[in-house]
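Thank you all for coming. I would like to take you through one structure this morning, slowly enough that anyone who has not seen it before can follow.

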Amino acid sequence: MRLLVTGGAGFIGSHFVRRVLSTTSDRVTVLDALTYAGSRENLGPALASDRLTFVEGDILDAALVDELVREHDAVVHLAAESHVDRSLLDGGHFLTVNVMGTQILLDAARRHRTGKFVHVSTDEVYGPLLKGAATEDVPLRPTVPYAASKAASDLVALSAYATHRVPVCVTRSSNNYGPHQHPEKVIPRFVTRLLKGERIGLHGRGEHVRNWVHVEDNAAGIDLVLRHGTPGEVYNLGGGTDLTGRQLAEHVLKACGAGRDRVDYIPDRPSNDLRYAMTWDKAARLGYHPRRAFEEGLAQTVAWYRANPGRWEPASHEAGSPVLHT
Ligand code: NAD
């Protein structure tokens with residue numbers, strides 16, 4: 001199969017591309033604008049593969065997208081602005097990239113009768129749930145601009161199936177963690193600050209609950225949906241580990257060998273949803289099963305940040321911006 005992967009130089013996209021190249025004979029083209037969040041280095045040894053083509057370009061460039069989609073059998077769409085805190089400052093840019101970018105790709109997929117279009121999304125579209133867990137068909141109630149832009153793009157993608165039968169599947173995963181995630185995101189932010197001897201800040205009283213999935217489990221789930229998902233369907237991809245912010249901090253402190261005295265409680269950010277939770281029975285029926293135990297995955301993640309300071313130190317200055325992380 002000839003696969004076009006947008007955002008393949010980002011955190012999840014690069015793990016997905018590495019997986020496809022090492023487990024299949026597919027040819028992969030990465031389309032990535034290399035924003036602050038993307039890096040060729042994330043692809044590691046996959047960059048040397050003669051089955052990988054790297055195109056530096058923007059999903060908003062309709063002519064480029066048309067040409068690339070025409071040459072491929074399937075699209076896995078991960079390119080997006082992905083950081084909630086940044087969306088609080090610049091919601092318009094999130095809408096442009098996440099919604100218009102998706103529409104441009106879908107238009108090309110319709111014209112060229114693409115075999116499968118996997119749109120990669122997030123559990124944040126469901127909004128906060130005080131109890132229970134979201135199935136794929138509950139109403140979307142996003143509360144922050146990032147999640148609203150993803151919810152809009154999910155609906156745009158599903159409407160392309162309903163209207164034009166573009167064979168769209170949507171995946172919604174919970175919070176990913178693992179090696180080479182940008183240090184603006186919470187686990188790498190905590191880890192890199194502790195490794196630098198700095199303190200970490202917990203929002204509010206540290207009671208917000210998130211579900212954590214290792215990035216390789218999410219990549220495996222996206223791969224399953226690509227090959228076996230039913231067009232028009234949404235698949236939740238969760239992990240096995242629900243943690244409050246305080247519990248997460250405890251795990252990271254332990255994994256980094258740091259004490260509780262390194263934690264500060266800082267003012268909460270606006271619309272910080274108290275709890276996300278979802279079921280993933282549908283994906284389980286395709287064979288999805290999150291395998292990586294959280295403590296083991298976290299240890300692997302900390303080991304990577306310890307061993308690769310050159311990969312995160314420059315970006316961690318920006319990630320520590322008081323504007324973004326008060
Ligand atoms: P990321 O920010 O690490 O990577 C995004 C990639 O997209 C980067 O390589 C960036 O250069 C590229 N990109 C951004 N704008 C682009 C544009 N206009 N044209 C082409 N490329 C562009 O994000 P991630 O964490 O890897 O997330 C990937 C996808 O998964 C996103 O759609 C995100 O919404 C979704 N998601 C992420 C998580 C998570 O926990 N990280 C959870 C659920 C869903």
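This is a predicted model: local features need pLDDT of at least 70, side-chain atom pairs count only at pLDDT 80 or more; totals for chains, interfaces and linings use all residues.

Residues are numbered from 1 along each chain as its sequence is written, and side-chain values use heavy atoms, with hydrogens and water left out.

Which residues come nearest to the ligand? There are 28 residues around it, and the nearest of them are Ile12, Asp32, Ser82, Tyr146 and Lys150, where being near means having a heavy atom within 4 Å. By class, this shell holds 13 nonpolar, twelve polar and three charged residues; here Ala, Val, Leu, Ile, Met, Phe, Trp, Tyr, Cys and Pro count as nonpolar, Asp, Glu, Lys and Arg as charged, and the others, Gly among them, as polar.

Looking at individual atoms, an N or O atom in the side chain of Lys150 is 2.7 Å from an oxygen atom of the ligand, a backbone N or O atom of Leu78 lies 3.0 Å from a ligand oxygen atom, and a backbone N or O atom of Ile59 lies 3.0 Å from a ligand nitrogen atom. On its own the ligand has 830 Å² of accessible area, and the protein covers 96% of that, with areas taken from the Shrake-Rupley method with a 1.4 Å probe. Two or more residues of the shell come from each of helix H1 (11-23), strand S5 (116-122), helix H5 (145-164) and strand S7 (175-177), helices (H or I, at least four residues) and strands (E, at least two) being DSSP runs numbered from the N terminus. The largest share, three residues, comes from S5.

H1 has 13 residues and reaches 19 Å from its first C-alpha to its last, close to the 18 Å expected at 1.5 Å a residue, the expected span being 1.5 Å times one less than the number of residues. Its buried residues, meaning those under 20% relative accessible area with a 1.4 Å probe and protein chains only, include Phe11, Ile12 and Phe16, and among the elements that cover the buried residues of H1 are strand S1 (2-6) and helix H7 (215-228).

H5 has 20 residues and reaches 28 Å, close to the 28 Å expected. Just after H5, Arg165 takes a positive phi of about 60°.

Ala80 lies in the loop between S4 and H3 and is partly exposed, with a relative accessible area of 29%, a class that runs between the buried limit and the exposed one of over 50%. Not counting residues up to four places away in sequence, Ala80 touches Val97, Asn98 and Lys150, contact meaning heavy atoms within 4.5 Å.

Definitions and conventions: A polar contact is a pair of N or O atoms within 3.5 Å; within protein, one must be able to donate a hydrogen and the other to accept it, and residues adjacent in sequence count only if both atoms are side-chain atoms.
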